[in-house]
Amino acid sequence: MRRSILGPSLAVATLALALAGCGTTSDTGSASVSPSSSPTPSKTRSACTAKETLAATDSNGTFCLTTGNTVRILLDGTTARPWTPVKTAGSGLEATNSGILIRPGDASNAFKAVSAGTVKLTSSRPLCATAPHKISCKGIQEWSVTVVVSK
């Protein structure tokens, strides 16, 4: 007895024809562009999100802030895995009172936008809790964000 491969071949051919038509469009509109007009350039802005409070989940993000506003950093840690104090590199932010009581291991900061600029904020903590006479790892969890301050 001979097996027929017509069924699977037909399915593959149908799928190929269906996919061949995907992504193609034709414009039947009658709009015309005069030779003297040129398309207006689109404004490209970096992927920048406005956010007032940043947490560990915001790592590697870029955030926007306008002068006069404040951004708060709230990194929840533990005594066994504490966050280091947040460091800044760049200009545009000034440290201010965060007004928040923190637990041991947390990193809590507030920065006020004072001038236009770009600032990188960084912190880190151990990946594993360390305890005497126990196996531990030497891994570090790094946290960093970029804050773009505009006027």
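**Entry 1: D106**

I began with D106, which is found in the loop between β6 and β7; helices (H or I, at least four residues) and strands (E, at least two) are DSSP runs, numbered from the N terminus. I noted that this is a predicted model, in which local features need pLDDT of at least 70 and side-chain atom pairs count only at pLDDT 80 or more, while totals for chains, interfaces and linings use all residues. Residues are numbered from 1 along each chain as its sequence is written, and side-chain values use heavy atoms, with hydrogens and water left out.

Is D106 buried or exposed? I found D106 buried, because its relative accessible area is 13%; buried means under 20% relative accessible area, exposed over 50%, and partly exposed in between (1.4 Å probe, protein chains only). I then looked up the surroundings of D106: not counting residues up to four places away in sequence, D106 touches L75, D76 and G77, where contact means heavy atoms within 4.5 Å. A polar atom of the D106 side chain lies 2.7 Å from the backbone nitrogen of G77.

**Entry 2: Confidence and overall make-up**

I recorded a mean pLDDT of 76 for the protein chain, with 70% of its residues at 70 or more; pLDDT is the predictor's confidence in each residue, from 0 to 100. Over residues 6-45 pLDDT stays under 50, and for this stretch the model has one contact beyond four places in sequence. Helix α1 is assigned to residues 6-20.

I listed one helix and nine strands in the protein chain, and along the sequence they follow the pattern α-β-β-β-β-β-β-β-β-β. Of the 151 residues, 22% are buried. Among contacts with a separation of 6 or more, 64% are accounted for by residues 24 or more positions apart. The accessible surface of the protein chain comes to about 11100 Å², and carbon and sulfur atoms hold 57% of this area. Such areas come from the Shrake-Rupley method with a 1.4 Å probe; for residues, only the protein chains shown count as cover.

**Entry 3: The four-stranded sheet**

I traced an open sheet of four strands in the order β2-β4-β7-β6, with mixed pairing. β2 and β6 (93-96) stand at the edges with a single partner strand each, so one side of each is left without a neighbour in the sheet. Two strands pair if DSSP finds at least two bridges between them.

Which residue of β7 is the bridge partner of L74? I found S108 to be the bridge partner of L74 in β7. The strands concerned, β4 (residues 70-75) and β7 (residues 107-113), pair in the antiparallel sense over six bridges.

**Entry 4: Pairing around β8**

I followed β8 (residues 117-126) next. β5 (residues 87-90) pairs with β8 in the antiparallel sense over four bridges, and T122 in β8 is the bridge partner of K87. β8 also pairs with β9 (residues 140-150) in the antiparallel sense, over 10 bridges. In β9, S144 is the bridge partner of T122.

**Entry 5: A56**

I placed A56 in the loop between β2 (53-54) and β3 (62-66). A56 counts as partly exposed because its relative accessibility is 30%. Leaving aside neighbours within four places in sequence, I found A56 in contact with L74, L75, W83 and W143.

**Entry 6: Disulfides**

How many disulfides does the structure hold? I counted two disulfides, a disulfide being a pair of cysteine sulfur atoms within 2.5 Å.

One of them joins C48 to C64, with 1.7 Å from S to S. This pair links distant parts of the chain, 16 residues apart: C48 is in the loop between α1 and β1 (49-50), and C64 is in strand β3. C48 is partly exposed, with a relative accessible area of 23%, whereas C64 is buried at 13%.

C128 and C137 also form a disulfide, with their sulfur atoms 1.9 Å apart. I noted 110° about the S-S bond, and the link of C128 and C137 is right-handed. C128 is partly exposed, with a relative accessible area of 27%, and C137 is partly exposed, with a relative accessible area of 27%. With the bonded cysteines numbered in sequence order, I read the pairing as 1-2, 3-4.

Methods. Polar contact = N/O pair within 3.5 Å; in protein donor to acceptor, adjacent residues only side chain to side chain.
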